[in-house]
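Please look over the sequence and the model before reading on.

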Amino acid sequence: MFSPARLKIHLKLCVNRLKLLRAKKDALSLQARKEISLLLANNKEASARIRVESIIRDDDFCEVLEMLELYCELLLARFGLLETASGSIDSSLVEAVHGLMYSAARCVEVKELLLIRDQLGQKVGKEAYLLIINDTDKRVNSRIVNKLLGAAPNPILVERYLSEIGQRYNVPGWSLKQTPQEPNDTLISLEEEDSNEATPAKPPKQKFSSKDSSSFELPTPPTTKPSAQELKQDTSDATRVPTFEELESRFRALKNKP
């Protein structure tokens, strides 16, 4: 049976879990990039390419986690619309509801999503539930669907990751290596790290095109592991429901990515 109070609790817990998981994966991504730079330095390019594919998949997964976090916050901000809806979900919440329910079985590291899916399933009914989890009506954001497929990365994307890692860690033979690119396509320049790696972490940047997978920007890896104080701050921030203006601004930033 649908329980608004229980759903609200699960949404808040899910925001917490998503923030912590993203911070954990950012730290692991930094370590993996360092290990790949050592492989490149030892002329083990084949092994480095395999490791880079794993990093690319993790970057895609982190972007999905960010979108799911926004969906949870949107439902919390407009919980009154969800709670009072009868028969059908308000149009402003359709994307969020579909995205969370579809991703639940595909993001096994976030168990709260399964609880949210079950509660929303009670709300929409059995028939709609089956349509949503299989994306039969194609209403789940295509970015989420594509990034959860787990397909092999584009070879050009792999090459660019290798090149950026080699340049960032000053691997001999890679500092001036050019990566393949299409005409008028620009590759972002990464700022050099300080020797003590004390530069504050920057949020990852991603720009992928569903029409042209060779046009994109690589995400900038974090330069430092998140401290216990930062993780604690993330946890406390999750209890605050953002305003409509904040949510709209963050959704526009994600949707404007090609």
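**Contacts, cores and helix packing**

Leaving out residues up to four places away in sequence, Leu-148 touches Phe-61, Val-64, Tyr-102, Ser-103, Arg-106 and Cys-107, where contact means heavy atoms within 4.5 Å. The model is predicted, so local features need pLDDT of at least 70 and side-chain atom pairs count only at pLDDT 80 or more, while totals for chains, interfaces and linings use all residues. Residues are numbered from 1 along each chain as its sequence is written, and side-chain values use heavy atoms, with hydrogens and water left out.

**Leu-148**
- Leu-148 is found in the loop between α7 and α8 (155-168); helices are DSSP runs (H or I, at least four residues) numbered from the N terminus.
- Leu-148 has a relative accessible area of 19% and is therefore buried, a term that means under 20% relative accessible area with a 1.4 Å probe, protein chains only.
- Leu-148 and Arg-57 are 91 residues apart along the chain, and their C-alpha atoms are separated by 8.8 Å.

**Glu-69**
- Glu-69 belongs to helix α2 (residues 45-77).
- With a relative accessible area of 1%, Glu-69 is buried.
- The side chains of Glu-69 and Arg-22 are joined by a polar contact of 2.9 Å (a pair of N or O atoms within 3.5 Å, of which one must be able to donate a hydrogen and the other to accept it).
- Neighbours within four places in sequence aside, Glu-69 is in contact with Val-15, Leu-18, Lys-19, Arg-22 and Arg-250.

**Nonpolar cores**
- The largest nonpolar core has 40 residues, and those with the most contacts inside it are Leu-11, Leu-68, Leu-100 and Ile-144; such a core is a set of buried Ala, Val, Leu, Ile, Met, Phe, Trp, Tyr and Cys residues joined through side-chain atoms within 4.5 Å.
- To this core α2 gives the most, with ten residues.
- Another core, of 17 residues, lies apart from it, and includes Ile-36, Leu-39, Tyr-169 and Val-171.

**Helices α2 and α4**
- The axes of α2 and α4 come within 9 Å and cross at roughly 130 degrees, with axes fitted to C-alpha atoms over the stretch in contact and angles running from 0 to 180 degrees between N-to-C directions.
- α2 and α4 are therefore oblique to each other, since angles under 35 degrees count as roughly parallel, over 145 as roughly antiparallel, 65 to 115 as roughly perpendicular and the rest as oblique.
- Leu-68, Tyr-71, Cys-72, Leu-74 and Leu-75 in α2 meet residues of α4 including Glu-95, Val-97 and Leu-100.

Technical notes
Helices (H or I, at least four residues) and strands (E, at least two) are DSSP runs, numbered from the N terminus. Buried means under 20% relative accessible area, exposed over 50%, partly exposed in between (1.4 Å probe, protein chains only).
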